[in-house]
Amino acid sequence: MMSIAYGVLLLLVLAGGLTPSPATGDVFCDNLKQVSKTLPKNTSSNSEHFATSTFGQAPDVVYALALCRGDIVDDSACGECVAKTFEKILNVTPPPQQQCYRAANLYDGPCVVVYSVDDILGTSNTTGGSGGGDTPHTIWNVGSWGSWGNWSIGNITGDAGHDDVAVAVNLLQALLVRTVQKAASPAVPGRFATGFTVSPVVFYSLAQCTPDLSAGDCLACLNRLLGMVNSTIALRNGGQIYATRCYLRYEAYEFFYNSTPMLLVRLPSAATPAPAPTTTVTPPSVPTATVKHKSRKFPWLL
């Protein structure tokens, strides 16, 4: 199984744009630094590699969460990722250097850190619904700009005359739907699922919610992201889209960390129509003749 290098980053500032706070004597920044010291260990020591933190007093309370991807099974790797992500958040700031933002999130490969001065941990902000102000985003990278960011610049290709593209898109959509459903299943621990297809095209998929979501809230959050993979973007060979509480990704290459996909999605088996019933016809001039007509057999392409 292959691994992904660190470094595909996005710093998104939530809740009203970039609002830096002077670091000198700034209580919120001091609170954020305290959270950055405790949340990595709390995340790595949690069996689901997920942790939240509420630190400080109003109006300088820091609400934060950290989550490692479900295929990151090593506690140390999870904790290191969260710690490095906090370090980047605290260091990647505009001049003067001693500033911090009131809200930000950073997706850094195998983990995510989100914090805000607003309560992102409240029950009203768990589904990523339209009323929660949690706008889905994707990770942007150079040379791959799309409506929401990091969609592969390569498209699914095929012989349009033989509906190869349509078959591939339908298979991809089926894969994403199945992956989303499995991640949100009450029977699946950690609100995490992966899948893949093998023929006629190869895709790998991943869906995850923060494990404190109910199965219904997880499904609602992921379905919101799934609905944004419209007919145009579904022609892409890969992409990532996420909100604070859930994440959806697919690629034409394997991107899991030393794990086997949980789902295999195939095209339905080709079906052959049953032959038409034999018909007996008696021409008037030949009363005793029997003529049998047999139907041709055509395979179904599903």
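Biologist: How do strand 10 and strand 11 pair, parallel or antiparallel?

Modeller: Strand 10 and strand 11 are antiparallel, with four bridges between them. Two strands count as paired if DSSP finds at least two bridges between them. I241 has L248 of strand 11 opposite. This is a predicted model, where local features need pLDDT of at least 70 and side-chain atom pairs count only at pLDDT 80 or more, while totals for chains, interfaces and linings use all residues. Residues are numbered from 1 along each chain as its sequence is written, and side-chain values use heavy atoms, leaving out hydrogens and water.

Biologist: And what counts as a strand or a helix?

Modeller: Both are DSSP runs numbered from the N terminus: helices are H or I with at least four residues, strands are E with at least two.

Biologist: Switching to disulfides. How many are found in the whole structure?

Modeller: Five, where a disulfide is a pair of cysteine sulfur atoms within 2.5 Å. With the bonded cysteines of the chain numbered in sequence order, the pairing reads 1-5, 2-3, 4-6, 7-8, 9-10.

Biologist: Which cysteine is joined to C221?

Modeller: C246, with an S to S distance of 2.1 Å. C221 is in helix 4 (residues 215-228) and C246 in strand 11 (residues 246-251), 25 residues apart. The link is left-handed, with -80 degrees about the S-S bond.

Biologist: Is C221 buried or exposed?

Modeller: C221 is buried, at 1% relative accessible area, and C246 is buried too, at 2%. Buried means under 20% relative accessible area, exposed over 50%, and partly exposed in between, using a 1.4 Å probe and protein chains only.

Biologist: What about C81?

Modeller: C81 forms a disulfide with C111, 2.0 Å from S to S. C81 is in helix 2 and C111 in strand 7 (residues 111-116), so the pair ties together parts 30 residues apart in sequence.

Biologist: How many residues of strand 7 are buried?

Modeller: Six of its six residues. C111, V113 and Y115 point one way from the strand, and V112, V114 and S116 the other way. In a regular strand the side chains alternate between the two faces of the sheet.

Biologist: Which strands does strand 7 pair with?

Modeller: Strand 4 is joined to strand 7 by six bridges, running antiparallel, and L67 sits opposite V112. Strand 6 (residues 103-108) also runs antiparallel to strand 7, with six bridges. Strand 6 and strand 7 form a hairpin with two residues between them, and G109 in the turn has a positive phi of about 65 degrees.
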